[in-house]
Amino acid sequence: MDFMDLEKEKGITIQSAATRCHWGGYDVNIIDTPGHVDFTIEVERALRVLDGAILVCCSVSGVQSQTITVDRQMKRYDVPRIVFVNKCDRLGANPLRAVQQLKEKLKLPVVAIQLPIGLEAEHKGVICLRTMKALYFDGPRGETVLEKEIPERMLADATNAREEMLWGIADADEELGEILMEQGGENLTLEQINAALRRCTIARTVCPVMMGSAYKNKGVQPLLDAVNEFLPNPTEVQNLAQPAVPIDKTGQTVAKIEKNPKKIPLSHSFDKPVVALAFKLEEGRYGQLTFIRVYQGTLKRGDMIVNSSTGEKFKAPRLVRMHSNEMEDVQEVRAGDICAMFGVDCRSGDTFVADGSDMLAMESMFVPEPVMSLSIKSKSQGNDPQFGKALNRFSKEDPTFRVHTDEESQETIISGMGELHLEIYVERMKREYNVDVVTGKPRVAYRETITKTGKFDYQHKKQTGGAGQYARVIGHLEPLEGEDGAVGPESNDFENKTVGGSVPPQYISACEKGFREATTRGPLIGHPMCNVRMVLTDGDSHSVDSSEMAFSTCTSMATKQGLQNSSPVILEPIMKVEVSAPVEFQGSIIGNLTRRRGLIVGSETVDDYVNITCEVGLSSMFGYSTDLRSSTQGKGEFSMEYCKHAPIPREDQVKMISDYAKEQEG
């Protein structure tokens, strides 16, 4: 389903692609997502709107860092999954080792429901442990499925594997367990096994594992059958909405966001008012293409619908069903469908509801913070309109791709999830917009935080010709534990504990605004603060001179005072790095990683290859690919993903503060 020239050249998926197929009497919506961690937002938004997933795992490499990331994303959205162990035809294939790694590394309740018939060049098909039949795939594309008896040499292994499968399901399903105890496995019907497996898969207490070779079209048809048999249909998933919070044209909320909003269950009925979520934006030939998932009701072309965030009303325009980059016009879509609309001005995560119905909003997807930045400018002289157009489009399509202007240098800065992520967008600017650009040295997305409680007591007093400014705030700053590793502005918190109106209620929001503005630049190197809570305990005001501006300014200065008393530190992005190379290069690889301040987490030797897992600061990883190639004669490869932010070594912090001070003076 990869259709971009860059995807074909690099052999990787960059953008998710949607399609729809009819299989076994059911319509199945499919979204193919990238495997590379730099394009993790594509996986996030696909999992947000899908009811089930297939986790593809390599039979040779087993569980990789990308597998761990996708598993975490699936758990975040409570998505039931089937695992498909692919590439059983590759040299070094060992699907049973991959199954063991799924248990040990991901702690998944996996149950193998197939066995491969032969491996590597001898891979012929699979054994279905539920029917105890051998499945072979004939024809130029493996389109003909031949069901035969299990080869005599594999019968004992298949019998033992079936017994293990049945008890694995029975451990999670009481009903099947009772039947198994009373009647034994020989008397179980296929319907009883499938029913138990479906219950457990939907409840996420069992994860069925299937095997094959997608490239050779072996095992694909049974996998599609399993999607119908074990994954939930839209009516079996409870979807929840909440009251919409309106936003302005800049995307800022114009009402207070409740921490625990009321959850409203949606109906699966086609006759109820429509509720749909925009989960992906794309620039198409005819304007903005908005991908939506319909959760409730029916949406017809020409229906009047409302963007519940902005309140904007419009008629549903052209509706299309996507097949990768091809389109099929449709007149209506129903609950459970995925389609796209043309010409709708909206943001990713907006909810559309029927005109006149309740203003509801679906919970949006999780968007990770960027970990790396580059300065960028067009080679052409003056303002290039295509340059700005490209940046606007990419930042709108991809929430993890951020663009801002540095206040001091006035440079345009792009931020993303890694080197490849930014490299792809730079290349797309050249190909799609004919814009040649110059990029600067990569920058790391440092953060600053505090390590202890720091008190503040600040009075802001300014007298002018007319009414003056007066405000006083008292309280303390305290460190917070970031939820889910959050390091964005949302990780900071403001708490009002004033009593007796010492700070008038109408000025509390101004105090919070001043606090949040002050945390956009930390005291050490000017990077954003994270995981800081301000607790406002007391204050003072003046009947004439106090105002929102006075309290906002006062709280901003008080925050800076409190930060100096809270032992601030610099945090750097720590990357989880996995290196794979022939075992003879293990010593040089570990030595190189250690010199880069890497913490070795573990190593595993499989056949003649060693897999090393470690945690390294992102700033130390620039240029590592070149070092790895030279030290392993081009035989080593590595992958890395964001892990967490952690304090940098003391000596590095002192140097960074000194360099920042010199920059400010210069």
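1. Helix axes here are lines fitted to C-alpha atoms over the stretch in contact, and the angles between N-to-C directions run from 0 to 180 degrees; helices themselves are DSSP runs (H or I, at least four residues), numbered from the N terminus. The model is a predicted one, in which local features need pLDDT of at least 70 and side-chain atom pairs count only at pLDDT 80 or more, whereas totals for chains, interfaces and linings use all residues. Residues are numbered from 1 along each chain as its sequence is written, and side-chain values use heavy atoms, with hydrogens and water left out.

2. On those terms, α2 and helix α3 (residues 65-76) pack at an angle of about 30°, their axes lying 10 Å apart. That angle makes α2 roughly parallel to α3, since angles under 35 degrees count as roughly parallel, over 145 as roughly antiparallel, 65 to 115 as roughly perpendicular and the rest as oblique. Contact (heavy atoms within 4.5 Å) is made by Thr40, Val43, Glu44 and Leu47 of α2 with Thr69, Val70, Gln73, Met74 and Arg76 of α3.

3. Helix α2 is mostly covered, with 10 of its 10 residues buried, where buried means under 20% relative accessible area, exposed over 50% and partly exposed in between (1.4 Å probe, protein chains only). The buried residues of α2 include the charged side chains Glu42, Glu44, Arg45 and Arg48.

4. A nonpolar core is a set of buried Ala, Val, Leu, Ile, Met, Phe, Trp, Tyr and Cys residues joined through side-chain atoms within 4.5 Å. The largest such core has 48 residues, of which Ile31, Val49, Val83 and Leu102 touch the most other members, and its largest share, five residues, comes from helix α2 (residues 40-49). Val49 touches Ile31, Leu277, Phe279, Arg293, Tyr295 and Ile338, if residues up to four places away in sequence are not counted. Apart from this core lies another, of 41 residues, among them Leu422, Met429, Tyr446 and Cys614.

5. Elsewhere, the axes of helix α9 (residues 385-397) and helix α10 (residues 419-433) come within 10 Å and cross at roughly 125°, and α9 and α10 are therefore oblique to each other. On the α9 side the contact involves Gln386, Phe387, Lys389, Ala390, Leu391, Arg393, Phe394 and Glu397, and on the α10 side Tyr425, Arg428, Met429, Glu432 and Tyr433. By class, this contact has seven nonpolar, one polar and five charged residues.

Conventions: Helix = DSSP H or I, 4+ residues; strand = E, 2+ residues; numbered from the N terminus.
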